[in-house]
Amino acid sequence: MTTPRQAGSAPTGTRRLTTAQALVAFLARQYSERDGRRHRLIGATWGIFGHGNVAGVGQALLESAEDMPYLQGRNEQAMVHAAVGYARQSRRLAAHAVTTSIGPGATNLVTGAALATINHLPVLLLPGDTFATRPADPVLQQLEVPYAGDVSVNDCLRPVSRWFDRITRPEALVPAALQAMRVLADPAQTGAVTLALPQDVQAEAYDWPEDFFAERTWQVPRARPDAHATAQAAAALRAARRPLLVAGGGVHHSEAEDALRAFADATGVPVASTQAGKGSLPYDHPCDIGGVGHTGTATADDLARSADLVIGVGTRWSDFTTASSTLFQGEQVRFVNINVTAFDAHKMSGLSLVADARAALQELTAAVEGHQVDAAYTAEYGEAKAAWERRVTAAFTAPDPEVPPTQPQVLGALDSLVTPDDILVNAAGSLPGDLHKLWRARSVDQYHVEYGYSCMGYEIPAAIGVSMAAPGRPVWALVGDGTYLMNPTEIVTAVQEGVPIKMVILQNHGYASIGGLSESVGSERFGTAYRHRTAEGTFTGAPLPVDLAANAQSLGMRVLRARSVRDLREALVEARAADGPTCVYVETETADTVSGAPGAQAWWDVPVAETATRPSAVKAREEYDRQAATRRRHL
């Protein structure tokens, strides 16, 4: 005769917990390992609680505070950005989880999830979901779909997640959680991972096998390149007269910077970088020629136009890098692509080396031992690099320290202050273009510009995540007024957690980047400035009396106002030394004036109206047709 089990007891070898409790206990015991170095895979959980997670995951985090740190956010999208900043600074070997309520709390995750997946950065999303058992139907914030009873708003996360599952029974968590960890730790597959958690299932108890809670280490492999493909790549490099290497974000993810330096030192091949790859070589290395593409340097773009072999390392060849397929114009140009994902390695009809960046660079360097590019080629790009550095110095230099700075002069003031310890975080507006062209990266992780999704509002929360992953290092969030207005809420989080981020707000009264783009395509900066409406109905009146410095101060941040270049230099020094969240606020030129940085050195395809009555649009279309005619398919 079987004796009924008492409530709360569990069979031998099992542990009776709710689904949420089991998930938190499981996550606290997951590790990643690469090159013999072990990291906790889920370092903390961000959360905003509401119905759908407050009594499930919230209760579980309360009970597990010693095992799973909890971080309180103010905006769900911003929590994902903070987690992504942490993951990127951790070289994708550690991540954060993010939990939300159902309804708008869950859908607010979509933008952050897209950013994570596009940039191949791991984050675990744990949105609450509507009842699996449907005791009340519909519940508050439930989306009713007339043709499907099993759809919820969380299905919005499917296309922006690398793995998605809805846990409709407790026991389903076991395989789903293991798959989630596999994807997070997989360098080729990683991105946003979503486990949708119905609120009733979160609170339901189950007898979990003890083995589910055992420490588990996920090995992050270094895939080696195919020997035949490596030999082909080596032969192509030996035959090339004007080779160029383009370093993408995969160089950083793989920690391949030393291998890249060894390759450059051995061969003399010049190295350009994408936004994600900048800093792969320090700016003063002889082979570093700066950013490439629409926001690149004249040095890199001119070499790209005449290259006969382009070696892409860890890049997905976005349109900014290829100048919308107009940059690589060499008649016989061919590509070699080193990438951990086959999808990206086969782009540009390139010779594909599906491999870890560090492993592939090491083997390619060995395969071309003794080969160096022609001395005349080295001298050519060395002279061009020196000429560009003079342009950078000119843009950074402020002749009169008593006047307000231009945007490049703000960067110049920061450039004169930072050391290799400092980290710059940026994502959107006109700053990414200026930074890619001008910034002098001094260390492999100093340059943190998110340009895969270029998401306004990323900078402040991401700087918090970066600072958590790199405690003790100065972390700067460079924020335009447009992006600040999108998402300033995590200032409160920085204040609450005592995270000493340094924020620089550049006030130019509008969307400077899009204003310039609008003018170039004949749209006359329409709708891109923050101005009073005039009597004629236009928006070209005086700037709005908006005080972003006062706003930041009201959220708890210490604010230093800089009205001149001299003020700016002093404020930056003070902010860098501060042990709490500190903001430097500076007004630069307005959004309808030039920034002072060199213009774009390559094209970007933004279609212009084919028919128009305004002369500006007609002229812009003529230029568009001229540039579009140079597009090239590499086949």
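This is a predicted model: local features need pLDDT of at least 70, side-chain atom pairs count only at pLDDT 80 or more; totals for chains, interfaces and linings use all residues.
**Rings and a central strand: a chat**

Colleague: OK, and which ring does Arg-561 lie over?

Modeller: Tyr-585, with 5.7 Å to the ring centre.

Colleague: Switching to ring pairs, how many aromatic pairs does the structure hold?

Modeller: Twelve. One of them is Tyr-206 with Trp-208, edge-to-face at 4.9 Å centre to centre and 75° between the planes.

Colleague: Is Trp-208 buried or exposed?

Modeller: Trp-208 is buried, because its relative accessible area is 0%, under the 20% cut-off. Tyr-206 has 28% relative accessibility, so Tyr-206 counts as partly exposed.

Colleague: What about Phe-328 and Phe-335?

Modeller: Another edge-to-face pair, 5.4 Å centre to centre with 85° between the planes. Both Phe-328 and Phe-335 are buried.

Colleague: Back to Trp-208: which residues do ring pairs link into a cluster with it?

Modeller: Phe-26, Tyr-206, Phe-212 and Phe-213.

Colleague: New topic. How many residues of strand E6 are buried?

Modeller: Six of the six, residues 95-100, so E6 is largely enclosed by the rest of the structure. Ala-95, Ala-97 and Thr-99 are buried on one side, and His-96, Val-98 and Thr-100 are buried on the other.

Colleague: And which strands does E6 pair with?

Modeller: E4 (residues 42-47) runs parallel to E6, joined by four bridges, and Gly-47 stands opposite Thr-99. E7 (residues 123-129) also pairs with E6 in the parallel sense, over four bridges.

Colleague: Which residue in E7 is the bridge partner of Val-98?

Modeller: Leu-125.

Conventions:
Residues are numbered from 1 along each chain as its sequence is written. Side-chain values use heavy atoms; hydrogens and water are left out. Rings of Phe, Tyr and Trp (its six-membered ring) pair if their centres lie within 6.5 Å; planes under 30 degrees apart count as stacked, over 60 as edge-to-face and the rest as tilted. Buried means under 20% relative accessible area, exposed over 50%, partly exposed in between (1.4 Å probe, protein chains only). A charge sits over a ring if NZ of Lys or CZ of Arg is within 6 Å of the ring centre and within 35 degrees of the ring normal. Helices (H or I, at least four residues) and strands (E, at least two) are DSSP runs, numbered from the N terminus. Two strands pair if DSSP finds at least two bridges between them.
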